[in-house]
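Please have a look at the structure before reading on.

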Amino acid sequence: MTDVPQGSASRAKTPPRWRTGRRAGVLLVLAVALALWWAMAPRETLTLANLQSCHAELLAWHEVSPWSVRGAFFVLYLLVAGLSLPGVAVLTLAAGAVFGLGWGIFLVSFASSLGATLSFWLARYLLADLLRARMGPRLQAVRTRLEREGALYLLGLRLIPLVPFGAVNLLMGLTEIRSLTFYAISQLGMFPSTLLFVAAGQQLATLRSASDVLGPTALGVLVALGAAVALLPSLAARGLQRLRQRQRLAPWRGQRPRQFDTNLVVIGAGAGGLVSAYVAAAAGAKVTLVEARAMGGDCLNYGCVPSKALIQSAKVAHQVRTAAQFGVQAQALALDWPALMARIAKVIASIAPHDSVQRYTDLGVDVLQGHARIVNPWVVEVTQPGHDPKRIRTRSIVIAAGAQAVVPDLPGLQDVGFATSDTLWAQLATCKELPRRIVVLGGGPIGCELGQAFARLGARVTLVEAGERLLAREDTDVSALVQAALEGDGVHVRTGHTALRCHQSPAETGVPGEKELVLRQSATELETTVAFDLLLVAVGRRARLSGYGLEALGLDTERTVPTNAYLQTIFPTIYAAGDVAGPYQLTHAAAHQAWYATVNALFGDFKRFAVDYRHLPQATFVAPEVARVGLNEQEAQAQGVPFEVTRFDLADLDRALCDTGNTPPTGFVKVLTPPGKDRILGVSIAAPQAAEMLAEYVLAMRHSLGLKAVLGTVHAYPTFTEANKYAAGAWQKAHVPRRLLALARAFHAWRLG
Ligand SMILES: Cc1cc2nc3c(=O)[nH]c(=O)nc-3n(C[C@H](O)[C@H](O)[C@H](O)COP(=O)(O)OP(=O)(O)OC[C@H]3O[C@@H](n4cnc5c(N)ncnc54)[C@H](O)[C@@H]3O)c2cc1C
């Protein structure tokens, strides 16, 4: 064993070298210009006292050659403003003192606006990429907002003479605001101060300091005006939002109850709804939870839990099948299908108490088992079997109604019969044995997980995916690894194949009554037919949006319930969380959102929290598992975020070598960092316990710890989590300061004598 990272690679996706070189050139020119400025025109030159003492001289010079003085002044002003050097205020006074009001305002107004634009360009050119790389999505949100409302912010800042001129140029250079807009707004916003300073310059002799120019009244007026303009966008946005919400509520205003039965009604007791009810009860609110089907929702009953229980059985089968590779002779594999399905039911039953009516009732939640319908923004009607519908008056509502499987419009599909993740478990429970030939339609996480599990249990599985690769949201290397793993387990992967139709083979062909799926390969247009005993449709899940009042409310029911960053719908009283709100379809995402939706629904009048998805882990439980947090390569490229990739392959990991049979271990830890920095932008892991390993990186990212912190953490030996440390070590190795290393080598050589 060794504690030193091996076999690592680090490659950079950085801005082109020529751009970095050019930037360094511009920086050099700037540095030289600044050095010259300080050497030739020290700080004392542009002072009020100097100006007052040379006033007569300047007037005389202007008398003799007005155009050259105006030209020289314009260029000087432009440079001082453009390079954000001190002295702009004194130059503006000089303009009034030498050129008078008209020419003074004209020259200063154009020179200062052009100078500001020059400094804005320099900031954009030199710093914007750097900042974008550092702040990623958070900066993107700020930039988007400034792009939308930046003109008003800029105008406000320009109006306030207390805000440093150079700082505004720098700040705006880092946003997406257009240069022309910046120039025009700057000219407009700086006009009042320019006017006041140039006018004051005409009384130069009476001034004691530049701060005399703006008396308290003028300063107060400008600050108030600037602040009002700068705050206008957010005030206007809030006002507009309130107005829209009032308009939305207007048709129901007459139906608003005077009193309420409860603080919150939660629709759906899945991952999102359960957390929402829990949080509300813990916060002391009166909360009613309504569930139409089984408590626990999709995850417990049809999703994560049964699928992971099935995957575990498949893993055992795989271990038995490959036992000889580990020097263990196992008898021929025999599947006891009813026992396997009974185990899945037992696993569900053992977790069910966590999500049960009893538990939530004990927590203080009013649990109603029935169908909920939103009558108006304050009233939910619950229909329970055998009871009259009951209307509940509520202050707020959280919709956590989940999603359901998408069924494609495939000719013949309904006739041959099929399963979705919603119906699969009930269908499988009626089978005496595992269906012999299974076609899985869809190469996303659900299709890959279940397809591989069925193959490991002994079914002949064909996995059909219209796209060119499996798990299209992952990087190509992850997709390739998963495809190889599935094929290694015997799955016939048909990427680039579109399902055309289903049928039962006619009597005159080989096996009459055989169920078949006809596919077309996109590249060759060739049609093939695959026979199956079970067709699992796993082409995606769509938010549940109909049948409980959304249409009547006028809520958009196209894709998901539309919400803002606070998970509030267009109605101020209605929030949404989980699969029904999107964009993620994950249990922990639903739970995460539920906290925000609930807290905002209960306390939003005082303080609201915008949901934050930056460190949301995602895992697909194929073997090896694939898991990731933050950006992957394709996302970073799409967002224009410069990055470096550091990768550590499991083939070099002691624990992976211990655990692997005849074939060498596959998998990797791949970390994205900004060029030259150890800050973690994202991590993708493919490994037997990738989802567990990822937790260390999720924590690191959440608490702004870089790869150096991961490297400096002791990891138990031999574990898979050591791969996290080795990836960090690989990064460190690629970033050793070479000169320092050379010095150290020389030092040690010298010590040898
Ligand atoms: C096969 C499969 C495997 C999965 N594996 C994983 C995994 O490994 N990890 C992971 O993170 N995620 C996994 N998921 C996704 C996960 O199950 C969902 O993201 C999660 O269940 C979403 O929770 P939710 O609360 O939004 O919705 P749900 O759990 O679907 O709960 C919504 C509930 O609302 C109820 N409801 C709807 N309308 C009404 C109404 N009008 N009145 C009353 N009740 C109503 C429904 O009956 C349902 O119980 C998997 C999903 C599937 C299908």
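The side chains of R655 and D659 meet in a salt bridge, with N and O 3.1 Å apart; the term stands for a side-chain nitrogen of Lys or Arg within 4 Å of a carboxyl oxygen of Asp or Glu. Both residues belong to helix α20 (residues 654-659) and sit 4 residues apart, about one turn of the helix. Helices here are DSSP runs of H or I with at least four residues, strands are E runs with at least two, and both are numbered from the N terminus. R655 counts as partly exposed because its relative accessibility is 29%, and D659 is partly exposed at 37%. The scale calls a residue buried under 20% relative accessible area, exposed over 50%, and partly exposed in between, using a 1.4 Å probe and protein chains only.

A word on provenance: this is a predicted model, in which local features need pLDDT of at least 70 and side-chain atom pairs count only at pLDDT 80 or more, while totals for chains, interfaces and linings use all residues. Residues are numbered from 1 along each chain as its sequence is written, and side-chain values use heavy atoms, leaving out hydrogens and water.

By the salt-bridge rule, the count comes to 22. Which residue pairs with D533? Its partner is R437, with the closest N and O atoms 2.9 Å apart. D533 lies in the loop between β15 (527-532) and β16 (534-537), and R437 in strand β10 (residues 437-441), so the pair ties together parts 96 residues apart in sequence. D533 is partly exposed at 34%, whereas R437 is buried at 13%.

Another salt bridge joins D477 and R647, at 3.1 Å from N to O. This pair links distant parts of the chain, with D477 in helix α16 (residues 476-488) and R647 in strand β21 (residues 643-649), 170 residues apart. D477 and R647 also belong to a network of salt bridges that includes D475, E633, D649 and K670.

Now to the ligand. Of the 37 residues around the ligand, G272, E291, K308, D579 and T587 come nearest; a residue counts as near if one of its heavy atoms lies within 4 Å. The table lists some polar contacts, meaning pairs of N or O atoms within 3.5 Å; within protein, one atom must be able to donate a hydrogen and the other to accept it, and residues adjacent in sequence count only if both atoms are side-chain atoms.

| Residue | Protein atom | Ligand atom | Distance |
|---|---|---|---|
| K308 | side-chain N or O | oxygen | 2.7 Å |
| H371 | polar side-chain atom | nitrogen | 3.5 Å |
| A400 | backbone N or O | oxygen | 3.5 Å |

The protein covers 95% of the 990 Å² of accessible area that the ligand has on its own. Accessible areas come from the Shrake-Rupley method with a 1.4 Å probe, and for residues only the protein chains shown count as cover. Elements that each supply at least two residues of the shell include α8 (271-282), β3 (287-291) and α18 (587-603).

On the outside, W67, W103, F106, F110 and L114 form a nonpolar surface patch with about 520 Å² of accessible area together. Patches take residues with over 30% relative accessible area and no salt bridge, joining like charges within 9 Å and nonpolar side chains (Val, Leu, Ile, Met, Phe, Trp, Tyr) within 5 Å. Helix α4 (residues 88-159) gives the largest share, 4 residues, while W67 is in helix α3 (residues 66-82).
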